[in-house]
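Here are my notebook entries from an afternoon with this model. I jotted things down in the order I looked them up.

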There are 2 protein chains.
Amino acid sequence: MPRTRADVARTDKLDEIVEAARGRLVDGGYGALSVADIARQLGVAQNAIYWYFPTKDHLLVAAVEGILHDILDCKPKRGAAVDRVLWFAERLHEFQDLRLTIRERARSSEAVAAFERNVVGLLRLLLVNSLSEVATPDHIDDAADAVMALCEGVLLRDISAAHRRRLLRFGIERLLGPESTV
Amino acid sequence: MPRTRADVARTDKLDEIVEAARGRLVDGGYGALSVADIARQLGVAQNAIYWYFPTKDHLLVAAVEGILHDILDCKPKRGAAVDRVLWFAERLHEFQDLRLTIRERARSSEAVAAFERNVVGLLRLLLVNSLSEVATPDHIDDAADAVMALCEGVLLRDISAAHRRRLLRFGIERLLGPESTV
DNA sequence: ACCTGAACACCGTTCAAGT
DNA sequence: ACCTGAACACCGTTCAAGT
């Protein structure tokens with residue numbers, strides 16, 4: 001939370017950069033994210049961006065952080081466990097392309113790798129919470145991991161939304177047991 | 001199968017390029033795959049590569065095709081269904097990084113997109129075959145898709161081999177039913 | 001058919017210099 | 001603290017020209 005005028009200005013400029021990055025990222029993925037191009041759009045020198053972000057991958061992290069925050073920023077659905085997981089999978093689906101970008105960039109950037117660990121932990125936590133009453137405590141970790149893997153694996157495929165839901169339903173009911181539909 | 005001397009020479013040069021590409025790809029992923037760099041290594045002009053491959057992504061496909069072929073080129077394991085799937089998952093694990101590269105590049109290259117469809121179909125077929133006796137025919141498609149999604153999702157995570165096997169075992173047994181361990 | 005030389009239009013990143 | 005100008009060392013791809 002900024003206090004001085006300078007801090008406000010700094011935050012504004014930072015936001016401007018991140019917003020531009022988000023636009024590029026949502027439209028065309030990592031390949032469309034260009035520091036030089038963003039600088040051009042904002043009317044500053046290329047290296048001006050480097051005052052705020054030491055590296056392109058740091059900018060990537062900031063942008064993805066914002067996007068993910070917006071995706072998760074809505075009240076989770078209520079209902080049977082299977083429906084809550086399906087809702088979770090829908091959110092994950094919106095994030096899937098960037099999830100893979102993060103995974104790829106984590107190879108060469110420690111900053112992205114650290115961010116990826118945070119993201120996976122966060123998503124897993126959300127899933128565990130929504131499963132707490134349906135899985136027995138001694139199986140909840142494996143169940144959450146398996147369901148999350150199923151979601152991510154299903155989302156990896158380029159199939160129709162209906163097929164996706166059918167597959168997830170099939171898998172979730174078997175992974176969580178019959179009480180998941182209550 | 002080449003007949004003339006010219007064809008032999010052509011195949012040799014093609015192989016040389018693809019081998020160089022495979023090396024870069026295995027070592028450092030897509031980021032380390034550089035047409036210019038390969039040309040440098042082979043001692044030819046950069047654009048010489050473009051006589052054989054119209055685009056960097058076509059070279060990528062050729063290289064990944066070879067790598068995948070080598071990975072799958074060993075007799076599948078025999079035993080209980082769960083063990084066969086675990087063996088399959090091990091093969092998939094070796095391929096996982098490139099699987100994601102393919103997925104990413106498929107966005108901007110139709111050649112890669114077509115190749116991805118082939119790969120997914122092939123892997124799915126291998127899995128269905130090894131599940132044919134354990135799943136009932138009316139569920140075999142969903143079961144294969146769910147197991148494959150589970151595998152790919154598990155492999156997406158950066159966890160230990162032991163944790164990976166435990167998760168897969170947990171998931172497979174539930175997705176395929178108790179008869180999968182026979 | 002196969003390859004070279006040279007260029008084009010980009011990149012991410014860095015350095016010295018300005019205010 | 002914040003930004004510019006200019007450069008460095010790369011890219012993928014294309015074109016005209018050679019053999």
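**Entry 1: DNA strand D**

I began with the atoms of DNA strand D within 4 Å of the protein: 60% belong to sugar or phosphate, and the rest to bases. The model is predicted, so I kept its limits in view: local features need pLDDT of at least 70, side-chain atom pairs count only at pLDDT 80 or more, and totals for chains, interfaces and linings use all residues. Residues are numbered from 1 along each chain as its sequence is written, chains are lettered from A and ligands numbered from 1 in the order in which they are written, and side-chain values use heavy atoms, with hydrogens and water left out.

A backbone N or O atom of B:V35 is 3.2 Å from a phosphate oxygen of DNA strand D, and a polar backbone atom of B:K56 is 2.9 Å from a phosphate oxygen. B:N47 reaches a base instead: a polar side-chain atom lies 3.2 Å from a base nitrogen of DNA strand D.

Helix 2 (35-42) of chain B gives the largest share of this surface, 3 residues. Helices here are DSSP runs (H or I, at least four residues), numbered from the N terminus, and strands are E runs of at least two.

**Entry 2: DNA strand C**

Next I turned to DNA strand C, which has 18 residues around it, with A:Y50, A:T55, B:A45, B:N47 and B:Y52 nearest. A phosphate oxygen of DNA strand C is 2.8 Å from an N or O atom in the side chain of A:T55.

**Entry 3: where the chains meet**

How many residues of chain A are in contact with chain B? I got 32 residues of chain A against 32 of chain B, contact meaning heavy atoms within 4.5 Å. The buried area is about 3,100 Å², with 56% from carbon and sulfur atoms; that is the accessible area (1.4 Å probe) the two parts lose on being put together, summed over both.

I counted 6 salt bridges between the chains, each a side-chain nitrogen of Lys or Arg within 4 Å of a carboxyl oxygen of Asp or Glu. In one of them, A:D97 pairs with B:R107 at 2.9 Å, N to O. A:D97 lies in helix 5 of chain A and B:R107 in the loop between helix 5 (81-106) and helix 6 (110-131) of chain B, so the pair joins two chains.

**Entry 4: symmetry**

A rotation of 180° with 0.0 Å of shift along its axis does it, at RMSD 0.0 Å. That is the relation of a two-fold axis. I also noted that 100% of the interface residues of chain A are interface residues in chain B, so the copies meet through the same surface.

Terms used: Least-squares fit on C-alpha atoms with pLDDT ≥ 70 in both. Near = heavy atom within 4 Å. Polar contact = N/O pair within 3.5 Å; in protein donor to acceptor, adjacent residues only side chain to side chain.
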